[in-house]
Amino acid sequence: MRLLLVEDEEKLAEALAYILKKNKYGVDIAYDGETGQDMAESGVYDLIILDWMLPERDGITVLKNLRLKKIDIAIILLTAKDSVQDRVIGLDSGADDYLVKPFASEELLARIRALSRRKSNVLLPNEKLSLGDIVFDPLQGEIICGEEKIKLTLKESLLLDLLLRHAGQVLTKEQILDRVWGLDSEVETGTVELYIHYLRRKIPSDSIRIETIRGIGYSLKEV
C-alpha cells in the first residue's frame, strides 16, 4: 500500500514516515500543499495523510481541489485544531477521517487500516470500462466482446476493474493485493498470480493482454 504524507514539519514527517515504513507501507513525503496536491493527482497513492496548516497551499484547499477533480482517494486530515467546528469543516471539505495532534502512532495505523478495509469493501461503480474491443460492466460483473458475454466472480471483477483503470501502467503484486483483497487480508501474492491466470483465460479477445513484468507485477495493455 502506497501512502502520501503531506506535512511541513520535517522532523514529524520523517518520524511518521519511519513508523509507516516499519509497518510495511510505501511512503512519499511532500513538505508543502502545492507539491502535495501535484503528487496526489498522479493517481499512484492508496491513501493520503494531509496536514491542515501547510505552506504554499493549506490542507483544506488541497482537499477541496482534489474532491473537485473527482479524486476519490482516502484522506486523513491531521491538525492541531480540535474544536467541533474545525472537525466539521475538515470532514465537509472531503476528509475521510480527522486526527488531532498530538496523536499516538498506533491510532494513526489503526485509522489507516480501517480506511483500507472501508475502501476495499466499496461496491464497484456503475461505469462501463473499455479497452481494445472489450467492454467491462462492473455492475453486472461481466466482460462483453461483440455478442459474447463472460461472467466474472467478484474478485475477478475487482481485479479487472483495477487493471482497466490503470491500463498501460505497471501494478505490483502488493498493490493489487491491497486494492482487491484489502490490507488486513492474509492472502499471499500467489493468489494474485492465480487470479491473473483466471482472467487471462476469460478475456475473449486478442486485442488486449495482461503482461507479466518480471519481478514486479502486471500491466494491462492494448495490442
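Helices (H or I, at least four residues) and strands (E, at least two) here are DSSP runs, numbered from the N terminus. This is a predicted model, so to speak: local features need pLDDT of at least 70, side-chain atom pairs count only at pLDDT 80 or more, and totals for chains, interfaces and linings use all residues. Residues are numbered from 1 along each chain as its sequence is written, and side-chain values use heavy atoms, with hydrogens and water left out.

View 1. Asp51 sits in strand E3, which covers residues 47-51. UniProt, in an unreviewed entry, lists Asp51 as "modified residue: 4-aspartylphosphate"; UniProt positions are given in the numbering used here, feature names are shortened, and annotations may be inferred rather than shown by experiment. Is Asp51 buried or exposed? With 3% relative accessibility, Asp51 counts as buried (buried means under 20% relative accessible area, exposed over 50%, partly exposed in between, using a 1.4 Å probe and protein chains only). Leaving out residues up to four places away in sequence, Asp51 touches Val6, Glu7, Asp8, Gly59, Leu77, Leu78, Thr79 and Lys101, where contact means heavy atoms within 4.5 Å. Asp51 is also linked with Glu7, Glu9 and Lys101 in a network of salt bridges (a side-chain nitrogen of Lys or Arg within 4 Å of a carboxyl oxygen of Asp or Glu).

**View 2. Arg67 reaches Asp96.** By the salt-bridge rule, the count comes to 13. One of them pairs Arg67 with Asp96, with the closest N and O atoms 2.9 Å apart. Arg67 belongs to helix H3 (residues 59-68) and Asp96 to the loop between helix H4 (84-92) and strand E5 (97-100), so this pair ties together parts that are 29 residues apart in sequence. Asp96 is partly exposed, at a relative accessible area of 24%.

View 3. Arg111 is partly exposed at 22% relative accessibility, and Glu107 is partly exposed at 33%.

**View 4. Glu211 meets Arg209.** The side chains of Glu211 and Arg209 form a salt bridge at 2.6 Å, N to O.

**View 5. The largest nonpolar core.** Think of a nonpolar core as a set of buried Ala, Val, Leu, Ile, Met, Phe, Trp, Tyr and Cys residues joined through side-chain atoms within 4.5 Å. The largest one has 28 residues, of which Ile143, Leu159, Leu163, Ile176 and Ile210 touch the most other members. Strands E6 (129-131), E7 (134-137), E8 (142-145), E11 (208-213) and E12, plus helices H6, H7 and H8, each supply at least two residues of this core. H6 gives the most, with six.

View 6. Nine of the 12 residues in H6 are buried, including Leu158, Leu159 and Leu160. H6 reaches 16 Å from its first C-alpha to its last, close to the 16 Å expected at 1.5 Å a residue (1.5 Å times one less than the number of residues). In helix H7 (residues 173-181), the buried residues are Gln175, Ile176, Leu177, Asp178, Val180 and Trp181. Their cover includes helix H6 (154-165), strand E10 (171-172), helix H8 (189-202) and strand E12 (217-222). Ile176 touches Leu159, Leu162, Leu171, Trp181, Val192 and Tyr218, again not counting residues up to four places away in sequence.
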